[in-house]
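Thank you all for coming. I would like to walk you slowly through one structure today, so please keep the sequence and the picture in view while I talk.

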Amino acid sequence: MMHKLKLIVPFVFAIFVLVACNTSDDVSTEEEPKENDKEQTEEVTVDQELEEAKNRFVALGAMPIPAENPMTDEKIELGKQLYFDARLSGNNKLSCASCHAPGAGYGDGLATFIGFEGFEGHRNSPTVINSGYYEEYFWDGRAGSLEEQALGPIQSEVEMNQNLDELITELNSVPGYVDSFDHVFSEQITADNIAKAIAAFERTIVVTDTAFDRYLQGEEDAISVEAKEGMKLFAGKANCISCHAGPLLSDHNYHNLGMGGDDGRFAVTGNENDKGKFRTSGLRGVAHTAPFMHDGSLATLQEVVEYYNTGGGAHPNKSVLMQPLSLSETEVSALVAFLESMSGELPMVKKPDLPQ
Ligand code: HEC
Ligand code: HEC
């Protein structure tokens, strides 16, 4: 009966109904004298809750490809070479793969990045897995496309510290690159084309075929019973889905989770209310990308869920969606199992031979 009620209330109120639902369940458990009846009702309720939860998730779908940068095998191969090539940095020591390494979930495994000549950054290197699905890039969304993003770290003094004109001169001294750019773009080496090739390669780094996705497609046993419990919590009591929603499991929006020390989105909008807001992370592949959050402050998925369980830290801009969750240890583990079920296998990319 509670579930019928749940279906007719608007989506935004679902969490409150769930809270009410749990409370009345507790009461009825205490007052219910007939063991058998109780078990039967609970069994039916559980399945229905799982179906309802499952129906709130959607498949990821195909990677969107911008019309002005079509994918070709040659372009992807060129982009891969550039991605792994330390000649893209001012001291020829750092490549994109230094901080977005296939073996570290396409991040660097560090809490915060180490940049040019040992510069100690204050943000975590995010993964490039599924990054082509975002609409805005960086933790604060300051870049509008992967093409735009790629030239950022190359020029950043604290990352690769490479002047673009000098880079083009340097790559022009490598006949293999001159040929490849000519072949792929029918043009000379330009910053634009460097960015396009790298972005095309990044769009091949995807995690879509996860156990979670197979479960959504109807493979009942694709995820464990524990992960199914986690799915219910994610869409229900823990309310993760209020932000981690839609095909990417990100609402493409910015939220303050109660973490201080970084103004986040404010740097882009100049709006006080945006202080400390960061873009909601997509979650496929997440088990491979520890440590977590914009500052890498949470080392494991368990710590992430425990952070949410407390309702987050104190910040004037903290989202109203951040509330203490009263999750038991078992429920925390179930959420972790669910996050793991979305993580699939990483695309394995080896460092290619670089053009000479
Ligand atoms: C020294 C480490 C370092 C290097 C080298 C580096 N990055 Fe990053 N990358 C970062 C950090 C840190 C961020 C997040 C910065 C922020 O949000 O302010 C980031 C962000 C990104 C993002 C955004 C991901 C998202 O979810 O929005 C992409 C894509 C990316 N880098 C690709 C690249 C490419 C391509 C290169 C090479 C041209 C590169 N990076 C070089 C550390 C690095
Ligand atoms: C109010 C919106 C909101 C809610 C609710 C929310 N998240 Fe998040 N989540 C975010 C944002 C925003 C980030 C990035 C925050 C940052 O880096 O500081 C994030 C980051 C994460 C990350 C780390 C991703 C990474 O690569 O570092 C995980 C894992 C995660 N959330 C899982 C969950 C789970 C599980 C729940 C429910 C218990 C949940 N989230 C509830 C908005 C939300």
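Of the contacts in the protein with a separation of 6 or more, 68% are between residues 24 or more positions apart, where two residues are in contact if their C-beta atoms, placed from the backbone, lie within 7 Å. What you see is a predicted model, in which local features need pLDDT of at least 70 and side-chain atom pairs count only at pLDDT 80 or more, while totals for chains, interfaces and linings use all residues. Residues are numbered from 1 along each chain as its sequence is written, and chains are lettered from A and ligands numbered from 1 in the order in which they are written.

The protein has 14 helices and two strands; helices (H or I, at least four residues) and strands (E, at least two) are DSSP runs, numbered from the N terminus. Of its 356 residues, 38% are buried. A residue is called buried if 20 or more other C-beta atoms, placed from the backbone, lie within 10 Å of its own, exposed if 12 or fewer do, and partly exposed in between.

Let me begin with helix 8, residues 175–185, in which Tyr177, Ser180, Phe181 and Val184 are buried. Seen down the axis of helix 8, these buried residues fall within an arc of 95°, so they line one face of the helix; the arc is that of the directions from the helix axis to the C-beta atoms. What do the buried residues of helix 8 pack against? They pack against helix 4, helix 7 (164–172) and helix 9. On the face of helix 8 turned away from its buried side we find the exposed residues Pro175, Asp179, Asp182 and His183, and just after helix 8 comes Ser186, which takes a positive phi of about 50°.

Two of those partners, helix 4 and helix 9, also meet each other. Two packed helices are described by the angle between their axes and the distance between the axes. The axes of helix 4 (residues 73–84) and helix 9 (residues 191–202) come within 7 Å and cross at roughly 100°, and here axes are lines fitted to C-alpha atoms, for helices over the stretch in contact, with angles that run from 0 to 180 degrees between N-to-C directions. Helix 4 and helix 9 are therefore roughly perpendicular to each other, given that angles under 35 degrees count as roughly parallel, over 145 as roughly antiparallel, 65 to 115 as roughly perpendicular and the rest as oblique. On the side of helix 4, the residues in contact are Lys75, Ile76, Leu78, Gly79, Lys80, Leu82 and Tyr83, and they meet Ile194, Ala197, Ile198, Ala200 and Phe201 in helix 9. The residues of this contact divide into nine nonpolar, one polar and two charged, where Ala, Val, Leu, Ile, Met, Phe, Trp, Tyr, Cys and Pro count as nonpolar, Asp, Glu, Lys and Arg as charged, and the others, Gly among them, as polar.

Helix 9 brings us to the ligands. It is one of the elements that each supply at least two residues of the shell around ligand 1, together with helix 5 (96–99) and helix 6 (146–155). Which of the elements gives the most to the shell around ligand 1? It is helix 6, with five residues. In total 28 residues surround ligand 1, the closest being Cys96, Cys99, Phe138, Trp139 and Pro153; a residue is near a molecule or strand if its C-beta atom, placed from the backbone, lies within 6 Å of it. This shell divides into 17 nonpolar, seven polar and four charged residues.

Ligand 2 is surrounded by 28 residues, and the closest are Cys240, Cys243, Ser281, Phe292 and His294. Its shell holds 19 nonpolar, nine polar and no charged residues, and helix 13 gives the most to that shell, with four residues. In helix 13, Leu301, Val304, Val305 and Tyr308 are buried, and they cover an arc of only 95° around the axis, which puts them on the same side of helix 13. What covers these buried residues includes helix 14.

I will finish with the backbone. The peptide bond from Ala290 to Pro291 is cis, with omega near -10°, and Pro291 is found in the loop between strand 2 (278–279) and helix 13. Tyr106, in the loop between helix 5 and helix 6, has a positive phi of about 60° although it is not a glycine, and Tyr106 is buried, with 27 other C-beta atoms within 10 Å.
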